Amino acid sequence: TVASTTGSAIGYKSTWNDKYLVMTGGIIKVTSESGTAYGVNTSAAVTMTGGKIESEDYGIYTDTNKEIRIGNDDGAVSIASPEIIGGSYALYGENGNGYAKFYDGVLRGGTKAYSDNMIAGTPEATSLHKEPSAEYDENCWLVDTEGYLSVNGVEYNSLAKAYAAITGDSGTIKVTKDIAIESAHQSSPTNKHIIFDLNDHELTLAQPLPNGGTMTIVDDGEHHTGKLYNSSTQNTAVLNSGTLTIESGYIAGNYRTITNTNGSTLNINGGQIESNGGICIYSEGKSGNATAVNITGGLIGGNATYGLYNSNSYVNVSITGGQIKISRSGDTDAIYNGKITIDATANATVLDIEGSGTTRAFKEASVTLNNGNVSVRNTGSDYARGTLRGTFVMNGGSITVSSPSSNAYGLDETT
């Protein structure tokens, strides 16, 4: 642990942190006559509440997702301190890594203030403001968010304010403009039914949209082009600890698109849920507090590693309609673990999975297939499996498995 409150440190090439760095004041300045200069090169957590970091190339550089916290989350936002300067980037995460909470100060970058998707949290009702200066192409600090949510025709600039505006047992929150929001969201009311209407707009979040009560997500705009997207590589797009129903709209993320906690219920009647290389729906469950996932419509998949990932057998999944459709360059499983019952319309394809790596419809799940078709295709030289381990009862429907390398198995290590 390093703590600095006064004074300055001038270094050559980098200040290396692999434990925990706390900086409350002072100056770190790093230069390099050859090679890359890093103000702080970190593989561990950093907390900076004051002072200045300056480097010819990168202010703070990381190759992990350990939290970098800049400023204090105390409701009083400073746009002057702390200050991070990089000749290229003030904050940079290698290979898409980086997880920064930005509460105070200013970021100055010769190329950009921060690398894509690195800011994963700001104070409630604040947004990132960027503008160039004579010395830096991008300077970034916090400003008040403009209104982007409407309740009964009145606009609000935070989810907490919109929730508070619903005074009865139920109400509708409408998205009123395309916007990216980095601020953290307060937990949702547990005693209200919230209809969250994307309203033809694209809402990009760095923190989860929470549901602790009853929420229905719709896209009731004229063109049905509404999108909810989480840009973080560490956060879920929707965190459900109550009853969540998806009727329409497009929901996507890079990590877990929807997360269900113990005892929650997810109903998917329509819409589209995708993940860019992660998990579409992640569900936790435990004995005496099982989680339910009911799929009657909609489309789930995209470039996902998992369509449904269930933490254990205390997640009950019912599929009577819709489709899990994944096309991925790499390994993919449609459904991992859980208790799965499929009773779809005759001849309906409920699982359509294609991957160049190991490709499976079910892994370590307890499956009962009463009706509906399952298709698994491997496009490379790896295995294609209908099931791997777990249990399987087939009362109807079909499973079709294919691989150009002849590594195709309907049931593998399955009882």
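Two strands are taken as paired if DSSP finds at least two bridges between them, strands being DSSP runs (E, at least two residues) numbered from the N terminus. The model is predicted, so local features need pLDDT of at least 70 and side-chain atom pairs count only at pLDDT 80 or more, whereas totals for chains, interfaces and linings use all residues. Residues are numbered from 1 along each chain as its sequence is written, and side-chain values use heavy atoms, with hydrogens and water left out.

An open sheet is formed by 10 strands with parallel pairing, in the order β22-β24-β27-β30-β33-β36-β39-β42-β45-β48. Because β22 and β48 (398–402) stand at the edges with a single partner strand each, one side of each is left without a neighbour in the sheet. From one strand to the next, the twist averages 10° (axes are lines fitted to C-alpha atoms, and angles run from 0 to 180 degrees between N-to-C directions). β24 runs parallel to β27 (residues 227–230) and is joined to this strand by four bridges; Thr204 has Tyr229 of β27 as its bridge partner.

The largest pocket has a volume of about 250 Å³. A pocket is an open set of points on a 1 Å grid over the protein atoms alone, where a 1.4 Å probe fits, with protein on both sides within 12 Å along at least five of seven lines; lining residues have an atom within 4 Å of a point. The volume is the space filled by probe spheres set on the points, which are joined across faces, edges and corners. At least two lining residues come from each of β15 (112–114), β17 (126–131), β22 (179–181) and β24 (202–205), and β17 gives the most, with three.
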